[in-house]
Amino acid sequence: DLDFMEVNIMDGEGSLVNSFRFNTVEVLGCNDFFLLHFCGDTIYMQTSKMMYECNREDFVAGKPEFKEVYPIDIWLP
């Protein structure tokens with residue numbers, strides 16, 4: 001299903017910590033291109049229109065709660 005992202009989280013030795021499916025449409029309102037950025041205790045999800053964030057603990061637990069941070073405007077052909 002294209003509305004879901006499969007996430008597998010590994011530790012530094014390559015052992016599986018958690019695995020979950022994440023419904024991107026629930027956060028974005030559509031199926032859009034996005035990038036994930038991992039910065040310390042915060043995970044950022046960037047689209048061509050908005051930057052979202054959630055804390056690393058929720059993400060690793062498989063329950064990411066992404067919230068809008070700020071709008072951005074990137075032109076994508």
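## The model

This is a predicted model, where local features need pLDDT of at least 70, side-chain atom pairs count only at pLDDT 80 or more, and totals for chains, interfaces and linings use all residues. Residues are numbered from 1 along each chain as its sequence is written, and side-chain values use heavy atoms, with hydrogens and water left out.

## Overall fold

The protein chain has two helices and six strands. Helices (H or I, at least four residues) and strands (E, at least two) are DSSP runs, numbered from the N terminus. Along the sequence, the order is β-β-α-β-β-β-α-β. The C-alpha atoms fill a box of roughly 40 × 30 × 20 Å, taken along the principal axes.

Of the 77 residues in the protein chain, 26% are buried. Buried means under 20% relative accessible area, exposed means over 50%, and partly exposed lies in between (1.4 Å probe, protein chains only). The accessible surface of the protein chain comes to about 5,400 Å². Carbon and sulfur atoms hold 51% of that surface. These areas come from the Shrake-Rupley method with a 1.4 Å probe; for residues, only the protein chains shown count as cover.

## Strand pairing

Two strands pair if DSSP finds at least two bridges between them. Strand β4 pairs with strand β5 (residues 50-55) in the antiparallel sense, over five bridges. A hairpin of three residues joins β4 to β5. Strand β5 also runs antiparallel to strand β6 (residues 67-71), and four bridges join them.

E53 shows both pairings. E53 in β5 is the bridge partner of Y44. In β6, the bridge partner of E53 is K67.

## The nonpolar core

A nonpolar core is a set of buried Ala, Val, Leu, Ile, Met, Phe, Trp, Tyr and Cys residues joined through side-chain atoms within 4.5 Å. The largest one here has 13 residues. Those with the most contacts inside it are V7, F20, F22, M45, Y52, F59 and F66. Strands β1, β2, β4 and β5 are the elements that give two or more residues to this core.

Across the protein chain, take the contacts with a separation of 6 or more: 22% of them join residues 24 or more positions apart.

## Salt bridges

The structure holds two salt bridges. A salt bridge is a side-chain nitrogen of Lys or Arg within 4 Å of a carboxyl oxygen of Asp or Glu. One links R21 and E6, whose closest N and O atoms are 3.7 Å apart. R21 lies in strand β2 (residues 16-23) and E6 in strand β1 (residues 4-10), so the pair ties together parts that are 15 residues apart in sequence. R21 is partly exposed at 44% relative accessible area, while E6 is exposed at 53%.

The other salt bridge joins the side chains of D41 and R56, at 2.8 Å from N to O. D41 sits in the loop between β3 (35-39) and β4 (42-46), R56 sits in helix α2 (residues 56-60), and the two are 15 residues apart. D41 is exposed, at 52% relative accessibility. R56 is partly exposed, at 41%.

Q46 lies in strand β4. Is Q46 buried or exposed? At 16% relative accessibility, Q46 counts as buried. The side chain of Q46 makes a polar contact with the side chain of H37, at 2.8 Å. A polar contact is a pair of N or O atoms within 3.5 Å; within protein, one must be able to donate a hydrogen and the other to accept it, and residues adjacent in sequence count only if both atoms are side-chain atoms.

Definitions and conventions. Contact = heavy atoms within 4.5 Å.
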